[in-house]
Amino acid sequence: MLKPHPAILRDLVKQYEELRAQSSDRSSSETRRRTEDLAYTLCVSTGTRTVEAALEFAAEQLEADLAESAYAPGAPAILPLAI
């Protein structure tokens, strides 16, 4: 399976969550359509069938990418804190 680029995945999740926060019973049809489009795109991008599964997959992928980049060659060393 192809893995979505972290920046694109992060942006999709951010847009989806912003629209969900704005949505209400009085949401415009445009807002509802955009939310549905983002949910579909998240599902396709993550290879899942529900938006809940897509968001869970995205969270796992973004966390793994963050951990991977922390240990990548050339990444700044993490210094231990003096206690």
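**View 1. Helix 1 and its buried residues.** P6, L9, L12, V13, Y16 and L19 are buried in helix 1. Buried means under 20% relative accessible area, exposed means over 50%, and partly exposed lies in between (1.4 Å probe, protein chains only). Helix 1 covers residues 6-22, which is 17 residues, and spans 24 Å from its first C-alpha to its last. That is close to the 24 Å expected at 1.5 Å a residue, where the expected span is 1.5 Å times one less than the number of residues. Please keep in mind that this is a predicted model: local features need pLDDT of at least 70, side-chain atom pairs count only at pLDDT 80 or more, and totals for chains, interfaces and linings use all residues. Residues are numbered from 1 along each chain as its sequence is written, and side-chain values use heavy atoms, with hydrogens and water left out.

**View 2. The protein as a whole, for orientation.** Three helices and zero strands make up the secondary structure, and from the N terminus on the order of elements is α-α-α. Helices (H or I, at least four residues) and strands (E, at least two) are DSSP runs, numbered from the N terminus. Of the 83 residues in the protein, 27% are buried. The accessible surface comes to about 6600 Å², and carbon and sulfur atoms hold 57% of that surface. Areas come from the Shrake-Rupley method with a 1.4 Å probe; for residues, only the protein chains shown count as cover. Among contacts with a separation of 6 or more, 50% join residues 24 or more positions apart; a contact means heavy atoms within 4.5 Å.

View 3. Helix 2 has 18 residues and reaches 26 Å from first C-alpha to last, close to the 26 Å expected at 1.5 Å a residue. Its buried residues are T31, T35, L38, A39, L42, C43 and T46. Seen down the axis of helix 2, these buried residues fall within an arc of 135°, so they line one face of the helix. The arc is that of the directions from the helix axis to the C-beta atoms. What does the face turned away from the buried side of helix 2 carry? Look there for the exposed residues S29, E36, Y40 and V44. Helix 2 is followed by G47, with a positive phi near 70°.

**View 4. Salt bridges around R33.** The structure holds two salt bridges, each defined as a side-chain nitrogen of Lys or Arg within 4 Å of a carboxyl oxygen of Asp or Glu. R33 pairs with E30, with the closest N and O atoms 2.9 Å apart, and R33 also pairs with D37, where the closest N and O atoms are 2.4 Å apart. An α-helix has 3.6 residues a turn, so residues three or four places apart point the same way.

View 5. R34 lies in helix 2 and is partly exposed, with a relative accessible area of 33%. Which residues does R34 contact, leaving aside neighbours within four places in sequence? They are Q15 and L19. R34 and L19 are 15 residues apart in sequence, and their C-alpha atoms are 8.0 Å apart in space.

**View 6. The largest nonpolar core.** This core has 13 residues, and L9, Y16, L38, L42 and V51 have the most contacts inside it. Helix 1, helix 2 and helix 3 (51-70) each supply at least two residues of this core, and the largest share, five residues, comes from helix 1. A nonpolar core is a set of buried Ala, Val, Leu, Ile, Met, Phe, Trp, Tyr and Cys residues joined through side-chain atoms within 4.5 Å. Not counting residues up to four places away in sequence, V51 touches Y16, A39, L42 and C43.

**View 7. A58 in helix 3.** A58 has its place in helix 3 and counts as buried, at 0% relative accessibility. Beyond its neighbours within four places in sequence, A58 is in contact with L9 and V13. A58 and S45 are 13 residues apart in sequence and 9.3 Å apart in space, C-alpha to C-alpha.
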